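This briefing goes through a single protein model, from its overall build down to selected residues.

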Amino acid sequence: MKNPFSKKISDESFELSMRRYDAFFKGEVYDRPPVSITFRKESATNKPEEKTYAAHRERWMDVEQRAKEASWNIDSTEYYADAMPTYFPSLGPEIFSAICGCDYSFAADTAWSFPIINDWETDINKTIMSRYNEYFIAMDKFIRELLKYSKDKFAVGFPDFHAGGDHLAALRNPQNLCTDLIDYPEFVKAKLKSSYADYFKLYEYFYNMITLEGEPTTGWIGLVVNGRYNILQNDFSCMISTKMFEEFFLDGIIDECNRLDHSIYHLDGPDAVKHLDMLLEIKKLDAIQWLYGAGNEGFTRWIPVYQKIQKARKGVFLDCDVNELDDIFAYLKPDGVWFAWIRGITGREHADKVVDRIKNWK
């Protein structure tokens, strides 16, 4: 794969990092686990002029300005060790549901949709993906704007589209969807099937747009892949049993994995970890991002989870504190580990020492 970041990363560094990430996806280790560390530069030129907006929506939807700011932020960042310059075009976590017809609202730091299915029999056909939808048009424009700046500098990410359970929970309301699994299972399964068809169409559309520009594939998790890649998730699954998860949602996740060259599953919170064993049995799933959630911090309390992921030869996403490295070295092997974020690094000299410690981990 030709270095797509020649303005930011040397060819030699890029090739070596990609070998490390390839090993991560295989649950293996090359010369050391990949390590992602970034530093903010003290100065950068051509900062876009700041704009003021009358409403949050105006700021979110000003994709020309946001693309300029994204390019400037990439220029203002040093990518150290195996960190890659990436940017994903966010219009909020439920943007797929908005493209499929839900009303949508923006706040300062997030956005949310409003349920559109009040009655399955009368409303099921209200939720159809349309390329004439204003949010599809906005996302299309956002990515095209980013591609104007990205060549040889950064990868443009695939949008954060939530398919499967999260999408249906947005269409219906999570509490209602819980009872629907019992009361209206056939409607739920039918909608899952049709919404996945819409989702895969969108994936192909934006994948082709990005890769035709010579860009690699990335997402909101900053992995860089040559080929089809995405982050899978079902945050709604924290509300249901493993039996319900298997009956309604597992096949869709398996289908997603089978359509991708590389994948990572975003497993969010203690109430979702009950599904881990089932996820680890998916042959084409490469890695797990385990997020323990606020109030559950600390590597040591989740050692069995990380060990289970590693034993299954899946990649292990680690978000840790620098003071937890000794415990990580003691309880895990370097195989398949990616240090995606290490808190507590104070500067370049400190980072050099941290990477040396990781290099010597056997």
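This is a predicted model: local features need pLDDT of at least 70, side-chain atom pairs count only at pLDDT 80 or more; totals for chains, interfaces and linings use all residues.

Asp-140 sits in helix α6, which covers residues 134-150.

**Asp-140**
- With a relative accessibility of 12%, Asp-140 counts as buried, because the cut-off for that class is under 20%.
- Leaving aside residues up to four places away in sequence, Asp-140 is in contact with Tyr-205, Phe-206 and Met-209.

**Loop residues with positive phi**
- Asp-152 lies in the loop that links α6 to β6 (155-156).
- The phi angle of Asp-152 is near 65°, a positive value in a residue that is not glycine.
- Asp-152 is partly exposed, at 24% relative accessibility.
- Arg-313 belongs to the loop between α13 (303-311) and β10 (315-321).
- Arg-313 is likewise not a glycine, yet its phi is positive, at about 60°.
- The relative accessible area of Arg-313 is 48%, so this residue counts as partly exposed.

**Cysteines**
- The number of disulfides in the model is zero, with a pair of cysteine sulfur atoms required to lie within 2.5 Å.
- For Cys-100, the closest cysteine sulfur is that of Cys-102, at 7.7 Å, which is too far for a bond.
- Cys-100 is also buried, with a relative accessible area of 1%.
- For Cys-178, the closest cysteine sulfur is in Cys-238, and the separation of 8.4 Å is again too far for a bond.

**Overall fold**
- The protein contains 15 helices and 11 strands.
- Its radius of gyration is 21 Å, close to the 21 Å given by the globule rule for 362 residues, so the protein is as compact as a globular protein of that length.
- The C-alpha trace spans about 60 × 50 × 35 Å along the principal axes.
- Of the contacts between residues at least 6 apart in sequence, 71% join residues at least 24 apart.

**Surface and charge**
- Buried residues make up 54% of the 362 in the protein.
- The accessible surface amounts to about 16,800 Å², and carbon and sulfur atoms account for 47% of this area.
- There are 45 positive and 57 negative side chains, and the centres of these two sets are 4 Å apart.

Technical notes: Residues are numbered from 1 along each chain as its sequence is written. Side-chain values use heavy atoms; hydrogens and water are left out. Helices (H or I, at least four residues) and strands (E, at least two) are DSSP runs, numbered from the N terminus. The radius of gyration is taken over C-alpha atoms; the globule rule is 2.2 Å times the number of residues to the power 0.38. Buried means under 20% relative accessible area, exposed over 50%, partly exposed in between (1.4 Å probe, protein chains only). Contact means heavy atoms within 4.5 Å. Accessible areas come from the Shrake-Rupley method with a 1.4 Å probe; for residues, only the protein chains shown count as cover. Lys and Arg count as positive and Asp and Glu as negative; His and the chain ends are not counted. The place of a charge is taken as NZ of Lys, CZ of Arg, CG of Asp or CD of Glu.
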